[in-house]
Amino acid sequence: MNFFSDDHAAELRELFFESATELLQTLNEEGLELEKRPEDQEVLRQVRRTVHTLKGDSAACGYTELSELAHALEDVLRPDIAAVSKAALAEVVLIAADTFSSMLSAYRGSLQPPAGEELKEQIVSLTKKPANTVRYKLQARFVWSEYEQMVVADALGRGETVYNVAFSIEPQCPMRGAAMQLIRNVLQDCGKLLAVAPDQSTLSNDLDVVEAAIASDNSEEWIAKKCRIPSVVAEVLVQKAGQAQEPADDVLDIVRHVTTPQEDGTETVIRAEETLVESAAREVATPRAENANSQIANDTQPASFASMSETLLRVDAEKIDSVLNLVGELIIAKSMLHQAINEFEKRHPKDPLKMRFSDAMAFQARIMNDLQKSVMKIRMVPVEHLFRRFPRVVRDVAKSCGKEVNLVVTGQDTDLDKSILDMLAEPLAHLVRNAVDHGIESPAERINDGKPAQGTVTLDAYHQGNEIVIEVTDDGRGIDREKLIAKAVERGLIKHGDAVVLGEIETNNLIFHPGLSTAQEVTSISGRGVGMDVVKTVLEKLKGTVSIRTTAGKGTTFFLKVPLTLAIIKALLFRVGDRLYAVPLASVVEITRTTQGALHRVDQHEVMQLRNEVLALLHLHRLEKEQAETGKMFVVVISTGERKFGLVVDHLVGEEELVIKAMDDHLVATDLVSGASILGDGTVVLILNLSSVVAKLGKLQMVGATA
Amino acid sequence: METFPILIRKDGMPIRYLVVDDSVFARKNVAKMVEAFGGEIVGEAGDGCTAITEYDRTTPDMVLMDITMPQMEGIEAAERIVRSHPNARIVMVSSVGYQENIVAALQKGARHFVQKPVKSEILYEVIKYVMGDDAAVATPTAQES
């Protein structure tokens with residue numbers, strides 16, 4: 001059944017997917033919490049509430065498979081089961097989160113969702129044993145008491161009109177207890193309730209007939225109408241009670257009906273179950289008491305996602321991109337204007353209009369700046385969106401390889417461009433998995449080395465200039481240099497002799513070479529050797545870098561540096577020959593001058609001495625196959641990752657904010673250039689892809705780049 | 001899409017609803033249904049506390065209240081509303097697993113309950129029942145939805 005028009009359905013579905021994704025994330029977090037504190041009623045309540053909301057939403061959207069599974073799960077999220085199953089329940093919750101997530105993506109793609117058999121089995125196995133404890137026993141005591149019969153007779157004796165009312169409960173009504181309560185409420189509205197069977201405390205699911213006697217001044221029809229409660233009562237029978245009659249026969253029927261399903265149990269079983277019921281009852285009683293407390297505690301919590309989301313506006317990312325693009329064009333227009341005004345000032349230095357131009361220019365520049373920042377901010381999301389999935393990743397990996405790992409997350413408030421964030425997800429997950437699987441040692445090994453048995457993986461994010469740095473640190477065994485080199489030699493990635501001259505950084509960078517993994521064996525988690533080079537490739541695509549710091553026995557840190565945004569960079573412009581080039585300012589360390597005479601050759605590398613460092617030099621004009629003939633030259637010192645090198649250029653032009661225009665691959669047949677930009681005077685400037693330049697010009701075989 | 005005869009108050013005005021649920025989705029879903037019955041949503045709340053203040057502000061004819069919500073659960077909100085407005089018509093909306101809570105809510109003065117996922121035909125009948133003599137099916141002249 002589809003209750004909504006198509007437009008509306010689509011909108012609701014979008015809303016559903018958005019909130020469901022959020023719910024699943026919450027479920028993951030709560031599942032982990034539940035694993036830590038399986039006895040905590042409050043945690044269990046939270047999990048249950050999350051599953052409940054998910055169930056309700058998906059059912060309303062018509063996703064029955066999901067809602068039924070969620071319903072089954074919700075049913076086992078009970079304190080009595082939690083007490084028996086301990087951590088197993090949390091495991092089921094986490095499996096459920098995965099299953100729901102794959103179902104969601106199936107729904108999103110309009111595919112048949114997975115059946116979730118594993119989850120079903122898990123849920124069934126949870127309920128198998130405790131199922132006995134939830135049966136309610138001994139309903140035989142709900143016989144109309146002598147007292148009740150007396151009350152009826154008494155009312156009749158006083159001349160009141162007494163009605164016998166019988167309800168048959170709607171077969172589809174699953175909440176018999178609630179139905180019972182509602183019937184009682186209605187009966188009390190109709191008149192004075194004299195007797196009711198079964199008694200009020202029943203929550204039995206076997207109940208399907210309720211009989212009552214009321215004294216009322218209302219008419220039979222009125223009562224019948226009032227008692228025809230929709231969705232609860234299927235049929236109503238109202239009879240005026242003539243004389244004080246013995247309703248014993250009817251009652252016996254009811255009693256028989258209610259008790260039959262239990263009669264096959266033997267005496268001993270019943271006794272055993274009674275104690276179970278007792279303990280279950282105690283458990284039911286405690287959460288009630290805790291409800292009151294938790295409500296107070298909940299008051300201090302921030303408003304839930306659901307109640308906040310109405311102030312959020314969902315906008316297609318493309319729309320923001322097009323605004324950003326226009327801002328980029330504006331920046332070009334600004335520098336055109338700027339140049340025109342400079343020209344004007346040169347020609348008419350005395351003109352009073354000059355001041356007004358420069359005022360207007362300054363004003364416009366400031367607004368442009370703000371505009372650019374605000375548009376950028378729209379695209380920014382806190383890194384937390386990325387980080388919050390990792391507690392689960394760490395837990396799963398640690399569990400599967402038998403390690404104890406604690407994840408510490410800091411700097412999650414740092415903002416990052418959404419598209420960058422999305423691209424970082426995969427490499428970061430890889431690094432985290434690696435850190436747990438390869439980095440952290442087994443508990444026994446750690447204790448041997450005098451470390452705490454529990455390893456720590458730290459995720460950190462912070463700003464550094466125009467870049468964001470994300471660190472993945474583990475306090476594990478570090479990278480074994482010797483092993484790494486041996487492996488690289490064995491695979492023929494480097495020559496034996498070269499190994500000696502490799503610097504520390506170059507050695508570490510070996511890890512990014514495709515097809516190299518130092519893990520002894522391939523596990524299901526990592527070690528297939530396809531990961532680290534992907535990390536590097538993605539980072540390069542993002543104009544970022546990845547570097548490593550490792551200490552044997554102490555641990556490893558991966559530094560992922562990415563630009564704040566992909567659209568606009570601050571760049572240093574320079575000329576080589578008659579071409580104009582730019583490099584991201586963030587990668588420029590310093591600029592220095594040197595002469596032809598100060599250059600030396602070492603191992604086919606041209607080097608120069610910079611203070612007490614030796615700096616490898618790259619001649620850009622070799623790219624253009626031209627010969628340098630100047631005596632003095634500028635050297636731009638560049639760092640990519642942890643490597644530094646000098647770029648020899650002819651003229652420095654200046655700093656400029658460049659709007660990067662992506663170039664389609666068929667326009668530029670080289671990976672040396674990562675993009676182009678247009679200056680205010682219409683000149684085209686090429687933005688160098690530094691890592692490719694290094695690989696190409698430096699002829700350093702195994703820096704690990706794509707050479 | 002099913003259509004229902006429009007329900008109006010005795011005075012001919014639309015029935016005014018307050019919808020309480022912590023899930024925006026569930027709220028919109030129920031809101032669409034009651035609007036199809038000719039009702040008017042005069043307030044929405046995402047938690048029990050807001051529900052109480054919204055009730056005081058709007059004094060609706062009917063409250064559709066979710067049972068599990070953050071900060072203050074539906075039962076408590078229902079209880080407090082009924083305490084200060086004994087004639088408040090509150091219908092609890094919840095799933096099968098919360099039977100005890102529904103029973104509690106009914107004891108505290110809720111008038112009826114509807115099971116999630118809410119089916120429009122059931123909700124319609126329940127609203128009609130709970131409104132009782134205070135509402136009627138509109139004469140078919142204005143019937144269009």
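A:Arg395 is buried, at a relative accessible area of 12%. The model is predicted. A:Arg395 pairs with A:Glu91 in a salt bridge, with 2.9 Å between the closest N and O atoms. A:Glu91 sits in helix 5 (residues 87-108) of chain A and A:Arg395 in helix 17 (residues 390-400) of chain A, so the bridge ties together parts 304 residues apart in sequence. A:Glu91 is partly exposed, at 23% relative accessibility.

Both residues belong to a network of salt bridges that also links A:Glu35, A:Asp98, A:Arg392, A:Asp396 and A:Lys399. Over all chains, the count is 37 salt bridges.

## Salt bridges in chain B

B:Asp134 and B:Arg89 form a salt bridge, their closest N and O atoms 2.5 Å apart. Both lie in loops, and the pair ties together parts 45 residues apart in sequence. B:Asp134 is partly exposed at 31%, whereas B:Arg89 is buried at 14%.

B:Arg83 bridges to B:Glu79 at 3.5 Å. Both lie in helix 3 (residues 74-84) of chain B, 4 residues apart, about one turn of the helix. B:Arg83 is exposed at 61%; B:Glu79 is partly exposed at 24%.

## A buried valine

A:Val186 lies in helix 9 (residues 176-190) of chain A. Its relative accessibility is 4%, so A:Val186 counts as buried. Beyond its sequence neighbours, A:Val186 touches A:Lys226, A:Cys227, A:Ile229 and B:Tyr129. The C-alpha atoms of A:Val186 and A:Ile229 are 8.5 Å apart.

## An open sheet

In chain A, 6 strands form an open, mixed sheet in the order 14-18-19-17-16-15. Strands 14 (588-595) and 15 (599-602) are the edges. Strands 17 and 19 pair in the parallel sense over 4 bridges. There, A:Ala616 stands opposite A:Phe645 of strand 19.

Technical notes: Residues are numbered from 1 along each chain as its sequence is written. Chains are lettered from A and ligands numbered from 1 in the order in which they are written. This is a predicted model: local features need pLDDT of at least 70, side-chain atom pairs count only at pLDDT 80 or more; totals for chains, interfaces and linings use all residues. Side-chain values use heavy atoms; hydrogens and water are left out. Two strands pair if DSSP finds at least two bridges between them. Helices (H or I, at least four residues) and strands (E, at least two) are DSSP runs, numbered from the N terminus. Buried means under 20% relative accessible area, exposed over 50%, partly exposed in between (1.4 Å probe, protein chains only). Contact means heavy atoms within 4.5 Å. A salt bridge is a side-chain nitrogen of Lys or Arg within 4 Å of a carboxyl oxygen of Asp or Glu. Lists of a residue's contacts leave out its neighbours within four places in sequence.
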